[in-house]
Amino acid sequence: MNRRPHLLATAALGAATALLLTGCGGGDGDSADNDKIAGADTGGETSASPNASASEAADRPKIELPSDLTYAFTPEQTGDAVQDAVLKDNAEFIRALDAAIDAQNPRLPALEFYTEGEGAVAAQQWVESYTDAGWTVTGAVRYFDRQVTVKSKESASLSYCADESKGFSKVIKTGEVKKTKVTKDSYVAYGVQVEKNEKGVWELVKIVSTRGADRCQS
């Protein structure tokens, strides 16, 4: 139970049950497959192609991260302006979430900037789970197989995988890194819903995660 925590259940269930520090090491019997935010929509909608521009106009907050935390995002761009904007803001959400964890601040402005509704509540509770444990994050995480489905000018869904085999939790007081063996559960599948706000930012509104997902084993 020492891998990076991941989103577990619906924000509607409340803080007591919505998020846990579950790091799923191999073979401990602590299964967390198909952990969801209720109402998350990751089905196979037909991709739309609205004439919407990338969200470059918004005044984005600066995100400060520790030097021992790195990312890789594949792909970073697709060549489609709308899909690229969704991918960019999703990457910024991920950075903002880890920045909030590192700052031990569930209401970090950068995190609130990229979330709304159920997504904002879930993200805050996620950060609180680290804060309560006195942990932060460290290492390298690879996000891959990032696929965007555009539904309308203001709505899209995104699925992607996370390779957390080199990403871990760290005890803030002691600096101890909670390393685990690489197993199937080192890989997590995510499905998110995003909506474009009046500033042109694709905010995360719902999310579902599945640790140990077959599609992400690589």
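Cysteine 161 counts as buried, at 0% relative accessibility. Buried here means under 20% relative accessible area, exposed means over 50%, and partly exposed lies in between, with a 1.4 Å probe and protein chains only. This is a predicted model, in which local features need pLDDT of at least 70, side-chain atom pairs count only at pLDDT 80 or more, and totals for chains, interfaces and linings use all residues. Residues are numbered from 1 along each chain as its sequence is written, and side-chain values use heavy atoms, with hydrogens and water left out.

Start at that cysteine. Cysteine 161 forms a disulfide with cysteine 216, and their sulfur atoms are 2.0 Å apart. A disulfide is a pair of cysteine sulfur atoms within 2.5 Å. The structure holds 1 disulfide. The link of cysteine 161 and cysteine 216 is left-handed, with -75° about the S-S bond. Cysteine 161 lies in strand 4 and cysteine 216 in the segment after strand 7 (202–211), so the pair ties together parts that are 55 residues apart in sequence. Strands (E, at least two residues) and helices (H or I, at least four) are DSSP runs, numbered from the N terminus. Cysteine 216 is buried too, with a relative accessible area of 0%.

Now turn to the rings. Rings of Phe, Tyr and Trp (its six-membered ring) pair if their centres lie within 6.5 Å; planes under 30 degrees apart count as stacked, over 60 as edge-to-face and the rest as tilted. The count comes to 6 aromatic pairs. In one of them, tyrosine 160 and tyrosine 190 are stacked, 5.3 Å centre to centre with 20° between the planes. Tyrosine 160 sits in strand 4 (residues 155–171) and tyrosine 190 in strand 6 (residues 187–196), 30 residues apart. Tyrosine 160 is buried at 2% relative accessibility. Tyrosine 190 is buried at 6%.

Another ring meets a charge. The charged end of arginine 142 sits over the ring of phenylalanine 144, 4.2 Å from its centre. For this, NZ of Lys or CZ of Arg must be within 6 Å of the ring centre and within 35 degrees of the ring normal.

Finally, look at helix 4. This helix (residues 117–133) has 17 residues and reaches 25 Å from its first C-alpha to its last, close to the 24 Å expected. The expected span is 1.5 Å times one less than the number of residues. Its buried residues include Gly119, Trp126 and Tyr130. Just after helix 4, glycine 134 takes a positive phi of about 75°.
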